[in-house]
Amino acid sequence: MSKVHFVGAGPGDKELITLKGYKLLSTADIVIYAGSLVNPELLDYCKGGCEIHNSASMDLQEIIDVMKYGTDNNKSVVRLQTGDFSIYGSIREQVEELNKFSIEFDCTPGVSSFLGAASAIGVEYTVPEVSQSVVITRMEGRTPVPDKESLESFAKHQTSMVIFLSVQEIEKVVTKLVNGGYPVETPVAVVYKATWADEKVVKGTLENIAELVRENGINKTALIMVGNFLGDHYYNSKLYAKDFKHEYRK
């Protein structure tokens with residue numbers, strides 16, 4: 001029996017899929033791709049005759065049925081998921097269903113959109129003496145979040161934060177962040193479709209970002225980046241300091 005290959009598609013740019021992911025995609029007999037989020041240009045890598053399914057219109061059982069059909073018939077099956085499937089990728093529920101049928105699978109990681117967004121604007125989340133941690137989260141919506149993981153609770157730390165799946169309620173996000181502890185002058189960047197051809201970046205502060213986002217017509221497919229790592233204040237790391245000695249530089 002063949003196996004199912006979960007492949008991270010990367011943040012958008014078709015060249016930001018990994019080499020291993022590309023090889024699996026280019027040799028697949030069946031591809032199930034997240035059509036609402038994955039750049040369809042990636043399907044150009046598929047071989048002629050590849051059976052392609054858009055999971056945007058499928059439920060979980062339909063996805064599993066295609067996977068089972070493929071593996072039962074010794075076909076190479078690729079599940080192409082946006083960014084990296086380890087963040088908001090719904091991989092767990094798929095794996096649990098595959099385990100019921102003893103269907104083997106493997107995972108090839110991808111470049112997450114939160115990494116693509118940072119690269120798009122040339123920033124580092126972990127700036128020495130400014131922020132050494134990154135919170136990756138989302139606001140509650142139709143899918144709730146644990147009480148201890150609210151935006152307000154994370155905001156108390158005032159560290160670097162990346163907020164997924166929440167830009168459609170940017171006003172609520174701002175209110176929660178300010179109520180949690182971020183000063184209103186905290187820098188914010190909203191990156192729409194990071195690394196795609198139609199990428200858009202909006203920069204401001206918690207005081208004005210909601211207005212700027214609405215003015216630019218952004219209401220989905222965008223990340224909210226918050227924290228002083230986006231500001232002008234920084235310190236150099238010790239790694240390249242002339243008087244900092246380590247095993248590679250005496």
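Buried means under 20% relative accessible area, exposed over 50%, and partly exposed in between, using a 1.4 Å probe and protein chains only. This is a predicted model, in which local features need pLDDT of at least 70, side-chain atom pairs count only at pLDDT 80 or more, and totals for chains, interfaces and linings use all residues. Residues are numbered from 1 along each chain as its sequence is written, and side-chain values use heavy atoms, with hydrogens and water left out.

**View 1. Leu-60 in helix α2 (residues 60-72).** Helices (H or I, at least four residues) and strands (E, at least two) are DSSP runs, numbered from the N terminus. Leu-60 has a relative accessible area of 29%, so it is partly exposed. Setting aside residues up to four places away in sequence, Leu-60 touches Glu-93, Gln-94 and Glu-97; contact means heavy atoms within 4.5 Å. Glu-129 is 69 residues from Leu-60 in sequence and 45 Å away in space, C-alpha to C-alpha.

**View 2. The buried residues of helix α4 (residues 113-121).** They are Phe-114, Gly-116, Ala-117, Ala-118 and Ile-121. Their packing partners are β6 (134-138), β7 (160-164), β8 (187-192), β9 (200-205) and β10 (222-226).

**View 3. Ser-153 in helix α5 (residues 151-155).** Ser-153 is buried because its relative accessible area is 18%. A polar atom of the Ser-153 side chain lies 3.1 Å from the backbone oxygen of Lys-148.

Technical notes. A polar contact is a pair of N or O atoms within 3.5 Å; within protein, one must be able to donate a hydrogen and the other to accept it, and residues adjacent in sequence count only if both atoms are side-chain atoms.
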